There are 2 protein chains.
Amino acid sequence: MNPRKILVAQGGGPTAVINQSLVGVVLEARRHRGVEFVYGARHGVRGIVNEDLVDLTQETSHNLELVAATPAAALGSTRDKPDLAYCQEIFKVLQAHEIGQFYYVGGNDSSDTVRIVSEQAQAANYALRCIHIPKTIDNDLVGNDHTPGFPSAARFVAQAFAGANLDNAALPGVYVGVVMGRHAGFLTAASALGKKFADDGPHLIYLPERTFEVDRFLADVKATHERYGRCVIAVSEGIHDASGQPIITTLAKELERDAHGNVQLSGTGALADLLCEEIKAKLGIKRVRGDTFGYLQRSFIGCVSDVDQREAREVGEKAVQYAMWGHRDGSVAIKRSGYYAADYELLPLEAVAGKTRTMEDAFISASGTDVTDAFRLYLRPLLGSGMPDAFRLRPNPVAKVLRR
Amino acid sequence: MNPRKILVAQGGGPTAVINQSLVGVVLEARRHRGVEFVYGARHGVRGIVNEDLVDLTQETSHNLELVAATPAAALGSTRDKPDLAYCQEIFKVLQAHEIGQFYYVGGNDSSDTVRIVSEQAQAANYALRCIHIPKTIDNDLVGNDHTPGFPSAARFVAQAFAGANLDNAALPGVYVGVVMGRHAGFLTAASALGKKFADDGPHLIYLPERTFEVDRFLADVKATHERYGRCVIAVSEGIHDASGQPIITTLAKELERDAHGNVQLSGTGALADLLCEEIKAKLGIKRVRGDTFGYLQRSFIGCVSDVDQREAREVGEKAVQYAMWGHRDGSVAIKRSGYYAADYELLPLEAVAGKTRTMEDAFISASGTDVTDAFRLYLRPLLGSGMPDAFRLRPNPVAKVLRR
């Protein structure tokens with residue numbers, strides 16, 4: 001049975017392709033007879049409880065295509081993490097507007113919101129299809145081979161390290177690049193895909209899946225610097241000590257916590273600066289530079305994986321198809337086959353909601369500071385076509401005249 | 001008279017297109033009969049004094065083309081700023097290897113090195129053509145409409161702010177992006193080219209050409225935040241108070257100075273963090289995030305202006321043509337005509353060497369926190385083809401049911 005009205009919203013951190021999923025929902029839903037209105041909520045669940053809804057029914061498909069190719073959340077997003085009372089408010093608004101299908105594009109927290117709203121509707125015996133559409137640059141949703149948004153962010157990180165490695169080779173020293181990822185190291189590990197020649201950086205990669213020891217880190221840097229005369233390092237913002245304490249807290253005086261109770265790791269250059277200071281002070285290396293990739297890695301316009309775009313569009317389309325022809329709520333998931341093809345399935349919301357995936361051991365080298373070929377094989381096809389490549393001169397040395 | 005041997009080297013901070021200039025020299029020089037060897041010096045002038053030279057004569061033109069499209073200095077670079085004694089060492093090596101032409105790709109400091117080496121050769125009555133080839137992302141060479149490397153870095157900054165603006169619109173708050181540029185604000189000003197709609201950020205732009213007052217800054221941010229519910233700010237790393245003291249020094253405990261006697265402004269997130277702290281503390285705005293673009297803006301692989309590539313290649317080619325058929329040393333400069341075409345001329349080394357260009361008043365708005373249309377007209381053609389564009393939804397609001 002086709003509903004008369006559907007509602008779509010976007011939650012959590014924006015990505016380069018989240019608008020593809022939005023547009024996938026809108027265009028696919030408008031194809032279905034019976035659907036009279038396609039609504040969007042401004043700034044995710046917050047827009048729903050505030051009844052800040054917009055009508056996407058008359059948006060031109062031409063403009064929708066252009067918006068799809070634009071990064072960040074076109075409807076606006078939110079960091080609100082609804083509790084039961086909040087979800088009851090959401091359901092009240094959906095009911096008042098006679099919404100028959102609710103689509104929420106987001107990460108772990110968003111899938112949990114969809115799960116609770118779905119339960120509310122069932123308890124009230126109200127006919128509502130609730131579908132969660134995956135999105136997160138962290139790649140930390142369980143049940144998915146990978147999540148839309150991650151490939152484009154990974155591409156940015158790989159390209160950034162490919163360039164940083166060339167820069168560091170031209171002006172040798174130590175370079176520390178801090179990458180997003182609170183619990184999952186996928187995005188930091190993507191730095192390895194920027195490596196071409198055997199002596200290219202990143203030479204060392206530090207992931208939140210492994211305990212970070214400052215002494216061990218300094219020894220690694222020292223050994224690499226002695227071997228290559230330089231050292232390029234990728235560090236996850238979420239690195240922590242054996243007790244699980246984030247390394248950044250050892251220096252940050254004041255910790256800002258967001259609404260989810262998480263320490264603020266992004267939007268500050270403190271971790272990179274701390275690590276650089278350690279290297280300068282303890283190893284006596286003079287040229288030590290740190291960059292925090294910050295918001296650039298998720299918001300930069302003009303660095304996107306075409307594979308990611310395609311898949312983000314398809315999870316939106318599939319969501320509508322599952323809702324129209326399926327008989328259950330759920331979370332759309334990406335599955336992999338071959339080398340490489342994507343397919344989709346609808347997982348139960350409980351299978352995804354609130355759970356966090358981290359990097360599989362098979363993706364992390366025994367040293368703990370590199371990735372395996374299995375990870376390279378996993379990530380490479382996701383980065384899409386047209387990846388830039390770096391080339392070197394291969395000249396012969398000229399015999400010395402004065403100093404022979 | 002064609003020399004038998006020529007030498008080319010690269011100095012200063014790498015750019016996305018400096019290898020275009022290198023390859024322009026090599027390929028053009030190899031065309032000239034009489035030229036038997038094309039040498040390169042590893043790591044700029046340091047490679048010359050160390051006799052660390054390589055032979056580019058047998059490098060394939062195919063690989064040279066691939067290297068040209070690769071960012072960063074393929075021969076390696078250096079931060080050494082030669083004094084007279086150092087330049088005498090350079091000249092000694094050039095003489096020992098019977099070099100007839102010396103090409104140095106670099107910024108202000110490099111042009112001064114070429115000037116001194118040229119004087120040494122004249123004093124010794126040694127036939128040496130010395131040509132400086134312009135390069136700097138700072139765009140601060142006098143006598144040039146703009147410098148190779150700047151357009152690609154400007155494109156990165158414009159794309160970064162276009163994306164940061166979208167991200168900030170999705171999750172409103174204050175965003176501070178710190179951009180390179182010690183004395184010249186061109187690169188920071190390029191952030192304005194990321195703006196499309198009237199209410200897009202960057203809403204405020206702070207340049208080293210204007211005195212930075214913290215109180216004024218806070219008042220600007222407050223007014224913008226009240227007006228738009230958000231605020232995107234571009235800040236040059238070189239902002240300073242009325243006495244010329246860099247703003248960053250007011251917080252940095254330890255200042256690392258490089259060989260040129262300059263304060264280290266890049267490779268640390270301190271300025272962005274300081275400004276964010278000020279905004280949080282004084283304005284009581286909760287969501288305040290800062291990014292320091294750092295090395296990404298000059299080394300990111302895959303963000304390059306095709307106009308910049310073409311011109312960087314041509315300044316290398318033209319350098320060889322001036323050396324072969326001209327009768328004087330000099331610095332190649334880019335001139336502009338029409339809307340838009342580039343042409344080249346050879347300036348006397350003294351006209352360029354050691355001088356610094358800053359942004360013309362006509363490029364800065366009366367408020368001091370924005371650019372003028374003259375600047376937009378100046379920069380837009382340099383960014384090249386295929387600039388990404390951002391699009392918005394234009395939906396109608398849905399009438400409220402519960403809260404009407």
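Helices, of at least four residues, and strands, of at least two, are DSSP runs numbered from the N terminus. This numbering places B:Pro202 in the loop between α7 (186-189) and β7 (204-206) of chain B. The structure is a predicted model. Chain A has an average pLDDT of 94, and 95% of the residues score at least 70. One stretch of chain A, residues 253-260, stays under 50 in pLDDT. For residues 253-260 of chain A the model has 14 contacts beyond four places in sequence.

Strands of a sheet pair through backbone hydrogen bonds, either parallel or antiparallel. One open sheet has eight strands in the order β11(A)-β10(A)-β5(A)-β4(A)-β1(A)-β2(A)-β3(A)-β12(B), and its pairing is mixed. Its edge strands are β11 of chain A and β12 of chain B, each of which pairs on one side only. At the chain A end of this order, β10 (residues 330-337) and β11 (residues 341-347) of chain A pair in the antiparallel sense over seven bridges. Within that pairing, A:Arg336 has A:Ala342 of β11(A) as its bridge partner. The hairpin of β10(A) and β11(A) has three residues between the strands, and A:Gly338 in this hairpin takes a positive phi near 60 degrees.

At the other end of the order, the sheet passes from one chain to the other. Strand β3 (residues 53-55) of chain A is joined to β12(B) by two bridges, and the two strands run antiparallel. Here A:Val54 stands opposite B:Pro397 in β12(B).

B:Tyr104 has B:His132 in β5(B) as its bridge partner.

The interface between the chains extends to other elements. The contact takes 91 residues from chain B and 91 residues from chain A. Together the two chains bury about 7200 Å² between them, with 58% of it on carbon and sulfur atoms. Of the area that chain B buries against chain A, B:Ile301, B:Leu393 and B:Val398 supply 10%, more than any other three residues.

The side of chain B that touches chain A draws at least two residues from each of β3 (53-55), α3 (61-68), α4 (84-96), α6 (150-170), α9 (270-283), β9 (288-292), α10 (296-299) and β12 (396-397). The largest share of that side, 10 residues, comes from α6(B). By type, the residues of the side of chain B that touches chain A divide into 44 nonpolar, 24 polar and 23 charged. The count of salt bridges between the two chains is five. One of them joins A:Asp167 and B:Arg298, whose closest N and O atoms are 2.7 Å apart.

Some details of the backbone remain. Most residues other than glycine have a negative phi, and most peptide bonds are trans. In chain A, a cis peptide bond joins A:Gly201 and A:Pro202, with omega about 5 degrees. A:Pro202 has its place in the loop between α7 (186-189) and β7 (204-206) of chain A. In chain B, a cis peptide bond joins B:Gly201 and B:Pro202, with omega about 0 degrees. B:Pro202 is the residue already placed in the loop between α7 and β7 of chain B. A:Glu51, a residue other than glycine, has a positive phi near 55 degrees. A:Glu51 lies in the loop between α2 (44-49) and β3 of chain A.

Methods
Residues numbered from 1 in each chain as written. Chains lettered and ligands numbered in written order. Predicted model: local features only at pLDDT ≥ 70, side-chain atom pairs only at ≥ 80, totals over all residues. Heavy atoms only, no water. Contact = heavy atoms within 4.5 Å. Buried area = accessible area lost by both parts, 1.4 Å probe. Salt bridge = Lys/Arg side-chain N within 4 Å of Asp/Glu carboxyl O. Nonpolar A, V, L, I, M, F, W, Y, C, P; charged D, E, K, R; others polar. Pairing = 2+ DSSP bridges. pLDDT = per-residue confidence, 0-100.
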